[in-house]
Amino acid sequence: MSPGVAFLFWSLVLFEVKHFVCDFVLQTAYQYRNKGIYGHPAGFLHAGLHAAGSLPAVLILTETSWLAAAVLAADFVVHYHTDWLKEQINKRKALTVKDARYWWVFGADQLIHQMTYVIILAVLARAANL
């Protein structure tokens, strides 16, 4: 495995671990109950944890402060709005865990988060000429 591929691989591993920790271990009932209210501090807190947690994965591929800041800001904005939209759909359609569409929405939410990491890695890989 080339060093560039290894850096990408380990960065992706860090993104995956961060995602699990921030979405399933550190997310509190306060965050979960309120991140569907646009502008609520709980949503900012949740997305902020994700952005902060992404820092190690980003720093593997860049030391450029403006690029790292831009990537982390994008991660924050996309995560915040993706979670808000998921909650809006669930609320407006009155979806519960017993509904197949609830799981479709949950799966789409997770896919968007994962694709965000792929895009971040592509941007950082291009900037690093990998």
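How many salt bridges does the structure hold? The count is four, where a salt bridge is a side-chain nitrogen of Lys or Arg within 4 Å of a carboxyl oxygen of Asp or Glu.

Some ground rules, everyone. This is a predicted model, in which local features need pLDDT of at least 70 and side-chain atom pairs count only at pLDDT 80 or more, while totals for chains, interfaces and linings use all residues. Residues are numbered from 1 along each chain as its sequence is written, and side-chain values use heavy atoms, with hydrogens and water left out.

Let's start with Lys18. Its salt-bridge partner is Asp75, with 3.7 Å between the closest N and O atoms. This pair links distant parts of the chain, 57 residues apart: Lys18 sits in helix H1 (residues 3-25) and Asp75 in helix H4 (residues 65-92). Helices here are DSSP runs of H or I, at least four residues, numbered from the N terminus. Lys18 is buried at 6% relative accessible area, and Asp75 is buried too, at 2%; buried means under 20% relative accessible area, using a 1.4 Å probe and protein chains only.

Now to Lys86. Its side chain meets that of Glu87 in a salt bridge, 3.7 Å from N to O, and that of Asp109 in another, at 3.9 Å. Because Lys86 lies in helix H4 and Asp109 in helix H5 (residues 100-127), the latter pair ties together parts 23 residues apart in sequence. Through shared partners, Lys86, Glu87 and Asp109 join into one network. Each of these residues is buried: Lys86 at 9%, Glu87 at 13% and Asp109 at 2%.

Note on methods:
Helices (H or I, at least four residues) and strands (E, at least two) are DSSP runs, numbered from the N terminus. Buried means under 20% relative accessible area, exposed over 50%, partly exposed in between (1.4 Å probe, protein chains only).
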